[in-house]
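I opened my notebook beside the structure and wrote down each thing as I looked it up. The entries follow in the order in which I made them.

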Amino acid sequence: MKTKYEDIHFVKVADNANNPETSVWSCLNNKNSLDLGTVMWHDRWRQYCFFPRSYMAFSMRHLVDIQNFIKQLMEERKP
């Protein structure tokens, strides 16, 4: 899934084994496909969360893209 700024994109890598209604997504850099982190369901918080790789830095616009992606996933879960 491409984002507004075309700097990052998300690729579904798996369905969540603990919760089949949710998926696991990799956040990748468009320039070199570097894996920046994972978006997956957080059971305790009952929502999708972003889990960045160590030592990654994100600009505000990238964080907005990640936030918008998570919002979209949450909207898709609504009945």
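E3 and E4 run antiparallel and are joined by six bridges, where two strands count as paired if DSSP finds at least two bridges between them. I noted that tryptophan 41 has tyrosine 48, in E4, as its bridge partner.

Before going on I recorded that this is a predicted model, in which local features need pLDDT of at least 70 and side-chain atom pairs count only at pLDDT 80 or more, while totals for chains, interfaces and linings use all residues. Residues are numbered from 1 along each chain as its sequence is written, and side-chain values use heavy atoms, with hydrogens and water left out.

I then turned to the other partner of E3: E2 pairs with E3 in the antiparallel sense over four bridges, and serine 26 stands opposite threonine 38 in E3. The hairpin of E2 and E3 has five residues between the strands, and serine 33 takes a positive phi near 60 degrees there.

How enclosed is E3 by the rest of the structure? Six of its eight residues are buried, so E3 is largely enclosed; buried means under 20% relative accessible area, exposed over 50% and partly exposed in between, with a 1.4 Å probe and protein chains only.

Next I looked up the largest nonpolar core, which has 13 residues, with Phe10, Cys27, Val39 and Ile66 making the most contacts inside it; such a core is a set of buried Ala, Val, Leu, Ile, Met, Phe, Trp, Tyr and Cys residues joined through side-chain atoms within 4.5 Å. Strands E1 (8-15), E2 (23-29), E3 (35-42) and E4 (47-52) and helix H1 (60-77) each supply at least two residues of this core, and the largest share, four residues, comes from H1.
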